Amino acid sequence: MTRGPFAHMQVLQPGMFSVVQDLGRLGHQHHGVPVTGAMDEWSHRVANMLVGNADDAAVLECTLTGPAVQFSRDTLLAVCGAQVRITAGERPVPMGCAVLLRRGVTLAFGERSSGARMYLAVRGGFATTPVLGSRSTYLPGNFGGHEGRALRKNDRVPLAPSDPDAPTLVLERILVQSGLPFVAAARLGTELPDGSPEGVRFIPGPQWNAFSAEARERFVSQPFAISSRSNRMGYRLEGPGLRLTKPLEMISEATSFGTVQVPPDGQPIVLMADRQSAGGYPKIAYVASADLPRLAQALPGASIRFTPVAQQAAEQAWLDLEDRLALVREMAAHALT
Amino acid sequence: MQDAIPTIPPGRACGFAHRLTGWQIEPVGDRCLLVRLGDQVGAEASRTVQNVTAYLSSAGLPGVFDVVPAFTTVALHYQPLAFARGQGAASLQLARRIERLLGADIPALPVNDQVIDIPACYGGEYGPDLEDVARRCGLTADEVVGLHSATPMSLYVYFFSPGNPFFGPVDPRLKVPRRATPRLLVEAGSVAIANGITSIYQTALPGGWNVIARTPWSMFDVTKTPPTRMQPGARVRFHPISPSQFAQMQEPRS
């Protein structure tokens, strides 16, 4: 492997919207700075695990269409999230496992069959300059990630220098001997557990009872469509209008990933990764954290249904997810050695 | 992580200690708790929020990675995995710890007497809603400027966008609601009022507040630690300047 600090990923085609993200800019919400970070935390963390990274290493989040890239050194990488056809040197590259790609070989993302966002992790992570302790891109503020923006053609994104003390991987030996454009480790079961295809579990929010009985009934019984005006800040939903029993004077207070607020037009908004640090609309619900990765993979136009869940059950669902991630981490480490 | 929140060394009270009343804890989903400290926006609520934020930030609560103040609430974002299994839900375990901390006297941050003068050019192209605010309040434009710039206010909190501060209390004679029709773009630096609070648009954004002035100051610099020019609890006063002074004083924005 070429060593040194100047290894990089060269962008041949940027894809529609490819941004560097880690697990978010924590500890600066009191400056009004949004957390940002990966929309699909599950795929982000799994992709990192597959290449032996810490969960919070910076990865590339690609929305709808993926990029075409080359690396200046042999690079261990993994792609998780939306299902997409990927090739390297004309050969199909598997998702959900570690892949050692030969330097200079083009990794190209093609047709996507399901999901909205792909996560490309490289061993060591992308080494863009951290801003306020994070490499996450915050697009409205033009900071973080690669120059505070989505990738463009001809960008060179820095890679973390490879660890000179790291033991040689089996994949590295095979790549040297084979002459192939890439070699892949065994595929692992990295899917989200407990799939409920269109049910999004929610805990009733603090203003649940301020909504009319009809609104509460509609919220759980009728589908909502994800609007095309959705983005990393929030998913705007279109469905039956949700009305309060009487107007409510709200004082802005902290929001979280998955807070469902309802502005006066009655159409709910699910706050996502780039959410503002506080909000002043009535909060009808909180999406269970365990279902946020699935929601993050839903496309505009998709229909979702809300299913109520008790606080304790939502908390348990998240712990189950963490347990599953711990298992994936173990399997991934095993697959690399 | 909480660099800009002044922290109180454990076991050492600064200023005076005070006992909280009427607070409550509620979940914000399954990875965040909120401490509700009151239901009125104001200087006193803001001081309580800042004291509680500083105290809880320095308390070393397990799994808590972000303590976020708002006008009357403090949110604690936490990692559920940090709590023991089989001892109840993580939210309940954390709530019990917070209850113990807030049930006793909590230390108060020292009161800051220093007043920061924020330059502001009122009216004209810098304050397109000044005349309208004056009309709705039954005052002249000069009286509005006088009331807005006369008495010191407190920096309550930042939110909405990076470095976007909210100050109060605004003189009660200037009580106006938001504009009926929000602007598609409010210029960066705009000083605006609504519902007894005044704010500075750090960046150009859509917005529905009444813009009465513009400051040449930049309130946020991402390359600095902390990135905000002044911290919650700061005492400020708006200081009227002329358009030519504005031009001389204008700062670049990152």
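Author: A residue counts as buried when its relative accessible area is under 20%. The model shown here is predicted.

Reader: What percentage of the residues of chain A count as buried?

Author: Of its 337 residues, 59% count as buried. In chain B, the figure is 53% of 254 residues.

Reader: How many helices and strands are there in chain A?

Author: Chain A contains five helices and 19 strands. Its radius of gyration is 21 Å, close to the 20 Å that the globule rule gives for 337 residues, so chain A is as compact as a globular protein of that length.

Reader: What box do the C-alpha atoms of chain A fill?

Author: Taken along the principal axes, the box is roughly 70 × 35 × 35 Å.

Reader: Let us turn to a single element. Why does the length of helix α5 of chain A agree with its number of residues?

Author: The expected span of a helix is 1.5 Å times one less than its number of residues. Helix α5 of chain A covers residues 311-336, which is 26 residues, so it should span 38 Å; the C-alpha atoms at its ends are 38 Å apart, in agreement.

Reader: Which residues of α5(A) are buried?

Author: Among them are the leucines Leu319(A), Leu321(A), Leu325(A) and Leu336(A). The buried set also includes Trp318(A), Val328(A), Ala314(A), Ala317(A) and Ala332(A), together with Gln311(A), Glu315(A) and Glu322(A).

Reader: How many helices and strands does chain B have, and what is its radius of gyration?

Author: Chain B has five helices and 15 strands. A compact globule of 254 residues would have a radius of gyration near 18 Å, and the 20 Å of chain B agrees with this. Its C-alpha atoms fill a box of roughly 65 × 35 × 35 Å along the principal axes.

Reader: Finally, how many positive and negative charges does chain A have, and how far apart are their mean positions?

Author: Lys and Arg count as positive, Asp and Glu as negative. Chain A has 32 positive and 30 negative charges, with mean positions 5 Å apart. In chain B, the centres of 22 positive and 20 negative side chains lie 6 Å apart.

Conventions: Residues numbered from 1 in each chain as written. Chains lettered and ligands numbered in written order. Predicted model: local features only at pLDDT ≥ 70, side-chain atom pairs only at ≥ 80, totals over all residues. Heavy atoms only, no water. Helix = DSSP H or I, 4+ residues; strand = E, 2+ residues; numbered from the N terminus. Rg over C-alpha atoms; globule rule 2.2 N^0.38 Å. Buried < 20%, exposed > 50% of the residue type's maximum accessible area, 1.4 Å probe, protein only. Charge placed at Lys NZ, Arg CZ, Asp CG, Glu CD.
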